[in-house]
Every structure is written in structure tokens, then in C-alpha cells.
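Open the model in your viewer and get your selection tool ready.

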Amino acid sequence: MTSLTTETGPTGGGPPVVNEVAGVPGGIGAVARSARADALDTWLRRIFSERPGVALVAVGGLGRRQCAPYGDLDLVLLHAGVPGIDELAASLWYPVWDAGLRLDHSVRTVAEALSVAQDDVKVALGLLDARHVAGDPALTDQLARTATDHWRRTAIRHLPGLREITTARWEAHGELAFLLEGDLKEAAGGLRDVGILRAIATAGVTDALRPAVHAAHRRLLDTRDALHHQVGRRVDRLVAQERDGVAKLLGVDEGDALLRLVAGDARTVSHALDDAWRAADRLRSGRHRAAPGRPLRRPVARDVVEQDGELVLARTAIGARPDPSLSLRVAAAAATTRLPIARATCEWLAAYCPPLPAPWPPAARAALITLLGAGPGLVPTWETCDRYGLVDGWLPEWTRLRSLPQHNPVHRFTLDRHLVQAAYEASRHTRDVERPDLLLLGAFLHDIGKGLPGDHSTVGAPLAEAVATRIGLPAPEAALIGTLVRLHLLLPDVATRRDLSDPKTVAGVAERVGDTTTLELLHALVRADAAATGPAAWSGWKGRLIAELVARVRTTLDTGVVPAPPAPDPALLAGPLPVVHLGEDRVSVAAADRRGLLATVAGCLALHRLEVISADAATVDDRALVECRVQPRYGLAPDPIALSTDLRRAVTGDVSVTQRLRGRALAARSRGAAPRVVWHREAATDAVLLELRAADAAGLLYRVACALDEAGAQVRAARISTLGGDVVDVFYLVGGWPPDEERARVEAAVLAAV
């Protein structure tokens, strides 16, 4: 990553003092950040009234001379109990606010500042960056010296509280190394963690700020500055749409390359902080050890012992030539005990553990399965092994997968973390399947084809099968791993895009899956994959649809007979029309048989902010039936009385309701990418499938159903699948394969409606 260290000059968009005096937005790089600090110092001294016993002190980024283009000013007005300090503070803060700068300020004596720091670890850390700006330098010097001395004396006592605060921040913001849109400051491995490392180093616990950390910190600062430039305001989250622009400012080829660089730097910071926490733990345990002497060593696995809360090699393992499975066995022991591997042990394994033969010995294969199935201990252990190059020795494919971005809005992790996370999530379902080992391995390898040309499921299947063969699985089991990878999207795609009551749908899935063992593995893999992807990849309705499909396919595989489609709700077939039934996630309507009923019902549901997940239309005894699965678009359920009333009025042809439907739906049209229509000829028993791929929008089903009705097409079912901001809507059109001219006319009508 190129570090730009010259001022590029103001780009406008702020008060004159921001652009011209303070150097905001300024340039990118260490020189630019220092120049911004100089400009701010000069300006603050100009508006600060020099008085004895008063000092203006910079902390935070300004104190470290690392001013971001749109960062906050952290200032302390320090005084020795002089009168009129409140008036002086007001005369200082108001010009800063008037200049359009963000300000974090306090007014304290030295004793007050130290007292607050004693009770608040965040304040204590901030005072470690204290730097004199104006006024009485003796006051600033007294505060800086005393705060640093106090921290060095009390750090061991304060570090547990600091670690608790840091862990809470990580839980809120995630890990920068694995996030597709991470917060450069707050996420684990970000700029905030470098401040924690600086505090631990100042306390003398360990040498936490090694050259690699300094370099990573500088590049993260450059990236944060470039992001401020790109967006034109303070923002620390590197979102996908800004990556290419930020990369260009930094001289990086493209956004994906920038993301991988950020991931590497975040890993460096995270690893250093992990080591620093462990050093602090050892220091605290050493101070509280009842008796001096050699630390206890407790065996935990063959060739592995625990010492001072870390795993190290047994002396017999070091003395002899290690077997190739040793590194995997150490990793498996660490993951199952949830203890870290000592740094020296990782370095020794990387240097002296011989490469694995092909196929792997049984001990290595068993250790890998144990590692993948270890649950919460898997992710930190895998990351430690990856840090020291052990993973590349196990799986040469990992170099390509490491930090690879995923261009899909539902994904939250880079590909490498997604695969490890999928194995972790699969460990929750190992009791649901006959072959838990194949589930773990299939989950870990399911996206191995991503990043290569072609469909990743098709491309990845032979790659996964080759890995399975290399680690020593028999040929039939390796082939099953390839099948799992090739079919890992089959169940969710069919469940959300096809009519599950259609015998052809169920028979087609049964034919591709082949047996119940593969079916249960695919079902567990789908759930693990969705959980590892992110919250947008799963929902209760999706789980129910997949479970329904799995149950029907299992019956077909067990009996050889496709289950009959479920009968319509008997309540819809009796009583005067119209009939409206509202359930927790279902809306059912029966009305006099007529065209356009599906469109009318869909529009009315959109009017009440309900998303239609699936829709079925049928005619029974001259009654038109429409049954929809729904979910609230914004999380709030509509008024059932108002919804029922509007549905009854709409299906009986009330023009006023229709006008409201059209006005609301047309106002919600999306401006997304160009939509596309795909036809499927042999996918249903008695219908042709029209598949619409378009940007999501409220009322989309209503508009498309209206267009199909006006084009003379009869819809008997619809399936709606939402993928981030896009939808794949599938419509079952009654009748045979239409001529080219008719298909073109229907397609044009649908695209015009979108």
C-alpha cells in the first residue's frame, strides 16, 4: 500500500478554518497527519488566552499528532485552581464549534484528571497521549509524567477491566480481518486496538509495538484518512461502494486488493494484542503464585502439555523427529481445550514439523476432524495456526482463499473466515446426521470454488473431492464430499423458488440427491452455511420451506412415491364469498372466480406493508383461491381488522381500494440494475416458469402480477426469493410452452412493469 505523505490541499466543503487553517480534509499519510496537528496547534494557540496556571493539552489523535481529516479534537483545559476558568473555557470551546470542528473537551486540575483516570481506564489511556499545545508547559509536564507513572504502577490491576471493555467492543463491531465492511477504528484489529497495545507497552508488560505493528498501524491510518477524503466526512467503516475510490487514493490496484491488505494489517494488530494479553495474564498469575519455582506442566494430549495457561510441546516431542501429524494434533488439542498455543511452539512447528504425505496418515485426518468439530475453540485456534503458516502446509489451497472478498450483500465475512465459521456452525448439527465427519468437512469446503471462473458449486466440487482424497478419505466418501459441494445450494434455491406441492419439483430434488444420507447432510449444511453467512441469509419462513421440502423428498426416497400435494384449506371452500383468513404468517382468500385475483391480493398486502414470500392460486368449484405466506416488511404486523376489510373490498372490485393500491405501489418503484427474465420449460408438471431477477421494491409482485394478467397469462403459483437488495421471483404460468412471439410479449410486459 502506498503511503502518501504530502498535503493535497483542501477540497472544499467546510468552514474556511476547517479547510485552510486546520488542514481539513488535508492529505494522506504521516506527514499530512502531523501537518494537520501543526495547523491546529497554531490556530488553537491563537484563540487561547495565555494565563499563568493554565494549559491547553491535546489527547487522543491530536495528542499523538495523528489527526484524521475529519476527526475529533480531544482537548483538556488544565488549570491550577485559577479564577475565571469557566469563562476561559467558553471563550475557547465556542470558536472551535463555530469552526465546524467536532470537539471532545474537559476542564480539570491535575489532581482531578488523575482522580478520574484512577477510576476510568479510558481516561487513563487518554492521558498517556497528553501533549502540550499552549499555556503553562509545567502543568502539562506534571500531568503527563504523573499519569504515565501512575499507569505503570497500576496497569496490572487495571488491565482486566480494560480487557473486558475491549471484548465488549469486539462483540459489537466484529473482527476487521474478516469483515467485508469493517470499522477501521473500533473493530478487533483496528486503530483502537493499537492504542491498547501502546498502553500495555507503556506499562512494561511486553514489547507490544514491534515493527510489524507500527507498519500495520501506519497503513490503517492511511486507509482511514483516504476514506475520509473519499466520503467527505468522518466515517470509519470501509463499506463496499467506497473501496475502489479509497484504493485509488492509496495507489492500490482495486478494492479487493485493498480489503486483503487491511485484513493482513488487522491480523497483525490482533495477533500482537493476543500475545500482549497473554503476557499480562502470565505476569498477574506469576505475582499471585503461591510458591516460587518451575511452572507446572499438565499433559492434555499425546505430545502436548499445558504450561502457564498455554499449550506447549512435550519434551519427548521436541527431542525426536516429529511425525507429520504433530501440528494438526496440537491444533486439535488447543481447540478442544480452548487454550492458546504458545508462540514459541507455533514457531517450532512451522520450522520443524515435516510436510504431510498424500494421503494423510489416519492420525492427521482424525485431528483435522476434531479441530473442525471443536466448536468455540475452532476459530481462534485456526487463526493462530494461519498466522504462523501452518494452515498453508495442511491445505495449499488456503493461500488463494485467505481474505478473499465475497461480492454478495448477505455475506458479512471474507471467504476464509466464512469457511471456518461454517465448520463451527456445522458442529452444532453433528448429532443430526449419520456422518458428522463428512458434514464438518463438507461445510469447511463448500465454497472452495469461489474466486475461480464459473459457478462456484460446479467448479468447487472436484476441488473439494481432491482435498478429501488427499486427506485420506475412501473414494466413495470423497465423492460424497464433492456431491455436497456441488449441491449445497440446491435445497434453499428450490425451497424458495419452486412450488413444493408440484410432484415434479420433489421428484427432481430426490433424483439429484439420491439417498437420505446425502439429504440429511445437505439439510445440516444449508443451516450451517446460512448461519455463517449472516442474519440476512436465514429466516423462520425460509427454514420452514426447506424443512417442508426435505420432508417431502425424504418420503419420496423412502417409499419411491412422491407425496400428494396438500389439499386447500377446507374453510376456504365453504360459506359465503369472499372468505378471508389471517394467520401468523399466512393470508388466505377465496372469491368468485375471476382473472387478476392474485394481483389484487398481492397489491393489498403491499399496501399494508406485508412482503409475500410465496403465493398459490387455484380454482376449486368455481371458487378462486389465493394462499400467501407473508412477513412484515418493516417488522411490524398490520392491523388485522383493516387488512381484512381492505381484502374483502378489493376482491369484490372496490375501485377506491384499487386506486390506493396503484398509487402506493407505483410510488415505490425501484431504480436498481436492469431486470432480467429467464424461462424454464421442463421445471413443472403443468406449467411454464417465468423467472424474474430484479431489484427489490415494495409492491413488485402486485405490478408484475397485473402485467401478466393484462398480457393474458394465468398464474397458478409464485415464489419470491430475496437476496440482499435483489429478488428472484418465479411465476408458474398455466399452459404449454408459448410461441416465441407470445413469450416476447409477456416478457416485455413484465419488464415494463418492473
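**A tour of the cavities**

The largest cavity has a volume of about 70 Å³ (a cavity is a set of points on a 1 Å grid over the protein atoms alone where a 1.4 Å probe fits but cannot get out, and lining residues have an atom within 4 Å of a point; points are joined across faces, edges and corners, and the volume is the space filled by probe spheres set on them). This is a predicted model, in which local features need pLDDT of at least 70 and side-chain atom pairs count only at pLDDT 80 or more, while totals for chains, interfaces and linings use all residues. Residues are numbered from 1 along each chain as its sequence is written, and side-chain values use heavy atoms, with hydrogens and water left out.

Select Phe 178, Arg 267, Val 379, Trp 382, Glu 383, Asp 386, Trp 398, Asp 416, Arg 417 and Val 420 to show the lining of this largest cavity. Now colour α16 (378–387) and α19 (415–426), which each supply at least two of its lining residues (helices are DSSP runs of H or I, at least four residues, numbered from the N terminus). The largest share, four residues, comes from α16. By class, the lining has five nonpolar, no polar and five charged residues (Asp, Glu, Lys and Arg count as charged; Ala, Val, Leu, Ile, Met, Phe, Trp, Tyr, Cys and Pro as nonpolar; the others, Gly among them, as polar).

Next, select Leu 395, Glu 397, Trp 398, Leu 401, Leu 419, Phe 444, Leu 445, Ile 448 and Val 467, the lining of the second largest cavity. Here α18 (398–401) and α20 (436–445) are the elements giving two or more residues. This second cavity holds about 50 Å³ of space, and its lining divides into eight nonpolar, no polar and one charged.

Key
On a 1 Å grid over the protein atoms alone, a cavity is a set of points where a 1.4 Å probe fits but cannot get out, and a pocket is an open set with protein on both sides within 12 Å along at least five of seven lines; lining residues have an atom within 4 Å of a point.
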